[in-house]
Amino acid sequence: MQFLKISLFLFLFSSCSLKTTEGLRTTLVSKTQVENLYFSDHAQDYIYKAKIDIYGRYFGGILIIKKLKKNTHRVVFTTEFGSKVFDFLYEGDTFTKNFIVPDIDKKFIVNTLQKDFKILISETAQVKEQFELEEIDVYKSEADKRFNFYFFNKENQRLEKIVNTSKSKEKVTILFTSKTENIAEKIAINHNNIKLSIDLDYFKKE
Amino acid sequence: MYKYIFILLITFLSVNVTAQETIMNASEIAAFKKQVSAASISTNTIKSDFVQFKHLDFLSDEIKTSGKLFFKTPGLVKWEYTNPYQYSVIFKGDQLLINDGGTKSNVDIGNSKMFKNLNQLIVNSVKGNMFDDAEFNIKYLKTPKANKAIFVPKDKKIAAYIASFELLFDKKDAAVLEVKMIEPSADYTRIVFSNRILNGTVNDAVFKN
């Protein structure tokens, strides 16, 4: 009986613990909100070469992100030849599907893409909890019944990672590599529960 | 046939044309088609540079990419982007051979009528020989230096992707100077060709992935 109790406790405990905060120290919340400035300049056209791998099927294309005004972003994906694959508009919490190629216009696909890019472009997040390690500050925020953990490099204050989680599981991880201020030269979006990865490379200026 | 084109022209007369452009008359259209057809028949290989401009109404600048195009009869086409990234597509029979910066993949287009049409379209537009009245409503225009054909697809599936596309031809040798694809949203892709070499040596190895 005792063994059963311990097992049950262990099971409950392990299923509830989130990998994301393992090994991190909880600290006092030092700021009310964090910012993701990688898509925050409305004078900038954010153009990326994209590689998408979904269940071993591979697609290439060009991802275009533009901040139109405060809290408003256009996210467009085209083939290398320039024809549109999808065209999304985010206005605050309102999402509009301007266009999507009929072949991939499935609820599951649209929802997944919509959520991924929402995490990617969201500029501010309210901080609920805060953690740290030697080199990183981690801020936890709540969004759409899930949580986003923002990982910042302590030294240069650049955003290096966003982990989107449920209460117990990591769902989506976005990694940023940034050498230039407020520009992410490389972005990797990886899903944990579906085999989907999106790799983005910033267009070099000629 | 010409009667049909004439009726088409009448239909399109109401469409706005920019100041420099005028609509061809029936005999001009006939002469133009003959010129393009003759140029197409005598073309066995094409090697050309290209610059692609993607226009999206909400962007500050057009997205510029560039590369090389290879064509070899009967229907081998390779589009190779070299700037700002490496990406190539080879159209070979029922296959698309893609090399995306080292990641290689094949797409079988054998079962897709849509892709086959698109492939045919690309091959034909490279050669300039695509005046297919069954597939398109075609408008013929001329400017002092170039001839222009505007194609509006009749197939609704294609029309969902491409509202129309325009080919600009050199008046002297009927070479395709520019291709412009206009989407239903009015955003467009413009491809400008330069340094064209006709009937030079193009090895089959070019079309291997």
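1. Starting with chain B's fold: of the contacts between residues at least 6 apart in sequence, 45% join residues at least 24 apart. Contact here means C-beta atoms, placed from the backbone, within 7 Å.

2. A word on provenance: this is a predicted model, where local features need pLDDT of at least 70, side-chain atom pairs count only at pLDDT 80 or more, and totals for chains, interfaces and linings use all residues. Residues are numbered from 1 along each chain as its sequence is written, while chains are lettered from A and ligands numbered from 1 in the order in which they are written.

3. Chain B has four helices and 12 strands, taken as DSSP runs numbered from the N terminus (helices H or I, at least four residues; strands E, at least two). Of its 209 residues, 25% are buried (20 or more other C-beta atoms within 10 Å of the residue's own, backbone-placed; exposed is 12 or fewer, partly exposed in between).

4. Have a look at α2(B): B:I29, B:F32 and B:V36 are buried. Down the helix axis the buried residues fall within an arc of 65°, so they line one face; the arc is taken over directions from the axis to the C-beta atoms. On the other side, B:S27, B:K34, B:A38 and B:I41 are exposed.

5. Then the interface: 22 residues of chain B are in contact with 24 of chain A. On the chain B side, β2 (45-55), β4 (76-83) and β7 (103-108) are the elements giving two or more residues.

Conventions
Contact = placed C-beta atoms within 7 Å.
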